[in-house]
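Here is a short report on one protein model. Look over the sequence and structure first.

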Amino acid sequence: ESQDSGKKEAIVKEYACMRKTPLKSKNPDIVSALETLSENAFFHDDEARRLAFQKAAGVIKSLNFKIKNINQVKGLHDVGKHSLEVIKDIIEEGSSIEVENIINDPWFHQMKAFQSIYGVGPSKAKKWIAQNVFTIDDLIERTDLHSSFDHRMELGISFYKDLNTQVTKQHALAIKNLIQQHLEEILPGCILVLAGGFRRGKASGHDADILLTHPIEGKEIGLLPKLLNLLSDSGLVLHGTMETGHNNPQTIMKDKGKPLASNVDHFDKWIGIMKIDKNLKDLDSSDNENDLIQLEQNSLTETSIETKKGRLSKKRSFVQTLDNNEDFARDTKKKLASNSKMSFEQLLALSSKDKQWVARRVDIIVVPVSQFFYALVGWTGNKWFNRSLRLYSQRVLGLKLTSHGLFDLNRGTSLPANSEHQVFDNLKLEYIEPTDRNC
Ligand code: TTP
Ligand code: MN
Ligand code: MN
Ligand code: MN
C-alpha cells in the first residue's frame, strides 16, 4: 500500500498457517502463473516441484500489496529462484514464456479436462491422451475403452455436465437444509455445518462438504446409515460410498500413532452424488455460524442448550443413542450399492434425458461433538492450510494434529477443544479466520 513499497521487503512468516491468506490476492496473475506451474508439475508426477510452486504461490497470496518491483519479493521465505524468475517476467514483461507455453499446450488442457472428471486422476488421464482420446465425447464414442472404466468414471463421464457446473453457496446451503430436514425425522437437534471452500468465503465450489454432529456426545452413533437409508428412499441418492464403524475413540487412539496421510480421517462418512431438484431453494437461508456459536457455548458451559426441538440435556447418562446396528449399516450399504448397479449405457441415457434434478457431489461427515472443532478445521481447509498446520504441529510442538484432535503420542494424551479458537490456542497459533485460510 505504501508509496515506497518498491524499496521495502515484505516479511513472511515461515508457516502458511501463521499467515492470513484471503481469497482474493493482490497479485492474481502471479498466483495463477505459479499455480499453473504447480499443476503442470503435478501432471508430470513431480511432487517436489508441485510443492515448491504451490508454496511460492501461497506466499504471494498472503502479501497485502501489489508487487511492483522484484526486490519486494527477493529473499522471501519459500519463493525460490525459479519462482522469482517467473515473477520477474510477469512484472517486467507482463507474462512468463514458460507459463504461456504450458497454457498453450493442448496436452495440459486435456489433462485438466480429464482430471476434472469425477473418479479420474492424472495417470488415467495420461493413458487416454496416449490412446488419442481428447474429449469427453471421445470417451463415450470409443467403446473399445469402456471396459477399462470403473463405476465412478462411468458416473463422472455420464454426468460430466452436472458435476462440472459449480455449486453455488445458496444451492449448497439448500442441500444442507434438505439433509437437516431428513435428520429431524431420525434424530432431532443435529447440527450441520457447510464446511470446505464455502466456509472460506468462496461463492461456488465443486461439492458441498457437510459436517454433522449432535450436541450430546454419542447421539451420532449409528446415524449415518439411517440418514442414507432415508435419503435413498426419498430418491435423493445417485451414487456413493459409505464408511462406517471407525467412529469410536478406541480406533482413534489406536490409529493416531500411524503416519496417516494428511487428508485421511476415520469419521463415519459418505462421499457421493445426490440428485438435487433444480428448483430447490434454501427456504430458511440460515448460514452456519449461529449453530456453531450455540455449539461452542454448549461445550463451554457444559449445560443444556436450546435446540430446534426443545431443551436437551448434555449429560451422558441421559444419552439414548440410536441403535448402532451393524446389520442395518451392512444392509444400507448393500441397498446403496444396488442403486449404483446401473450400466454405463443406462447412466448415459439417464443423464441425457430431460430431468428435473441435477447431480451434485456431496460429502457428509459424522463427527462426535468432542472432536467437532478439530474436524471443522480439517474440513474447512484449505488443503495447503491443513498441510501447514500439521507440519507446524509436528515440527514445532512435537504434537500430531488430525481431524480427530491434537495428540501427544509419547504421553498418549490429547488436548480437547470447544471452539476453533481453542484449536488455535492449543496449537499456540494466532487465530486465523476461515476466510483467511485460502493458501
Ligand atoms: P474439498 O471439497 O476437496 O475442497 P474445497 O471444499 O476446499 O474446494 P471445492 O470448492 O473445490 O470443493 O475438501 C474440503 C476440505 O476437506 C479440504 O480442505 C480438505 C478436507 N478434506 C479432508 O479433511 N479429508 C478428505 O478426505 C478430503 C477429500 C478433504
Ligand atoms: Mn479427478
Ligand atoms: Mn468442497
Ligand atoms: Mn469435498
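Which residue in S9 is the bridge partner of Asp277? That partner is Trp357.

This is a predicted model, in which local features need pLDDT of at least 70, side-chain atom pairs count only at pLDDT 80 or more, and totals for chains, interfaces and linings use all residues. Residues are numbered from 1 along each chain as its sequence is written, while chains are lettered from A and ligands numbered from 1 in the order in which they are written.

**Overall make-up**

The protein has 19 helices and 12 strands. Both are DSSP runs, numbered from the N terminus: helices are H or I with at least four residues, strands are E with at least two. Of the 439 residues, 39% are buried. Buried means that 20 or more other C-beta atoms lie within 10 Å of the residue's own; exposed means 12 or fewer, and partly exposed lies in between, with C-beta atoms placed from the backbone.

**Strand pairing**

Strand S9 has 10 residues, and 7 of them are buried, so S9 is largely enclosed by the rest of the structure. Two strands pair if DSSP finds at least two bridges between them.

| Strands | Bridges | Direction |
|---|---|---|
| S4 (208–213) and S9 | 5 bridges | parallel |
| S6 (268–277) and S9 | 10 bridges | antiparallel |
| S10 and S11 (406–408) | 2 bridges | antiparallel |

Ile210 has Ile364 in S9 as its bridge partner. Lys400 has Phe407 in S11.

An open sheet of 3 strands runs in the order S10-S11-S12, with antiparallel pairing. S10 (400–401) and S12 (413–415) are the edge strands; each has a single partner strand, so one side of each lacks a neighbour in the sheet.

**Around ligand 1**

The shell around ligand 1 holds 16 residues, and Gly196, Gly197, Gly205, His206 and Gly381 come nearest. A residue counts as near if its C-beta atom, placed from the backbone, lies within 6 Å. Helices H11 (196–199), H17 (372–380) and H18 (383–397) each give two or more residues to this shell. Its residues divide into 1 nonpolar, 10 polar and 5 charged. Here Ala, Val, Leu, Ile, Met, Phe, Trp, Tyr, Cys and Pro count as nonpolar, Asp, Glu, Lys and Arg as charged, and the others, Gly among them, as polar.

**Phe424**

Phe424 sits in helix H19 (420–426). Phe424 is partly exposed, with 18 other C-beta atoms within 10 Å. Leu145 lies 279 residues from Phe424 in sequence and 49 Å away in space, C-alpha to C-alpha.
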